[in-house]
Structure formats: structure tokens, C-alpha cells
Amino acid sequence: MTKRSEHTPDTPSPQAQAPFSFCIGDTSVRVSFRDDGRPLQDLLRSYFIRLKQDGTPL
């Protein structure tokens, strides 16, 4: 049996190579942003509005 990691997004894995790369349990997460993309605040606002309106995140 494999021991699950105790790390959460608030406590990145010590093996993470960048602040936007971390593990949650057995899942590796890598986040990246485009230089010419919409601001994260706008994207999150749109996401939560859609989720509230019809339950569809995308």
C-alpha cells in the first residue's frame, strides 16, 4: 500500500519544482497562465457565475 501525501494546495510538496506545481494525494497538479490571457480574477468570476447559474463550470 502506498502512503498518501499529506500535502495540500496550501502546503506545496517539497518535490515541487515551481510554486504552481504540486501534488494532492496521488495527483500531480501543474498550473500555468498565458501572458496574453484574461486576468485570473475575471476567469474565476466567470467560472463561478456560470456554476451558480446552471451548474456547468465550462
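How many helices and strands does the chain have? In this predicted model, the chain has 1 helix and 2 strands. Along the sequence, these elements follow the pattern β-β-α.

**Confidence and surface**

The mean pLDDT of the chain is 75, and 64% of the residues score at least 70. Confidence is highest in helix α1, at 91, and lowest in strand β1 (residues 21–24), at a mean of 86. Of the 58 residues in the chain, 5% are buried. The accessible surface of the chain amounts to about 5,500 Å², and carbon and sulfur atoms account for 55% of this area.

**A nonpolar patch**

Phe 20, Val 31, Phe 33, Leu 40, Leu 43, Leu 44, Phe 48 and Leu 51 form a nonpolar patch on the surface, with about 700 Å² of accessible area together. One of these residues, Leu 40, lies in helix α1 (residues 40–54). Leu 40 counts as partly exposed because its relative accessibility is 42%.

**Salt bridges**

Side chains of opposite charge can pair when their charged atoms come close. The whole structure contains 2 salt bridges, listed below.

| Salt bridge | Closest N and O atoms |
|---|---|
| Arg 34 with Asp 36 | 3.0 Å apart |
| Arg 45 with Asp 42 | 3.4 Å apart |

Are Arg 34 and Asp 36 buried or exposed? Both Arg 34 and Asp 36 are exposed. Arg 45 and Asp 42 are 3 residues apart in helix α1, so about one helical turn separates them. Arg 45 is partly exposed, with a relative accessible area of 44%, and Asp 42 is also partly exposed, at 29%.

Definitions and conventions
Residues are numbered from 1 along each chain as its sequence is written. This is a predicted model: local features need pLDDT of at least 70, side-chain atom pairs count only at pLDDT 80 or more; totals for chains, interfaces and linings use all residues. Side-chain values use heavy atoms; hydrogens and water are left out. Patches are made of residues with over 30% relative accessible area and no salt bridge: like charges are joined within 9 Å, nonpolar side chains (Val, Leu, Ile, Met, Phe, Trp, Tyr) within 5 Å. Accessible areas come from the Shrake-Rupley method with a 1.4 Å probe; for residues, only the protein chains shown count as cover. A salt bridge is a side-chain nitrogen of Lys or Arg within 4 Å of a carboxyl oxygen of Asp or Glu. Helices (H or I, at least four residues) and strands (E, at least two) are DSSP runs, numbered from the N terminus. Buried means under 20% relative accessible area, exposed over 50%, partly exposed in between (1.4 Å probe, protein chains only). pLDDT is the predictor's confidence in each residue, from 0 to 100.
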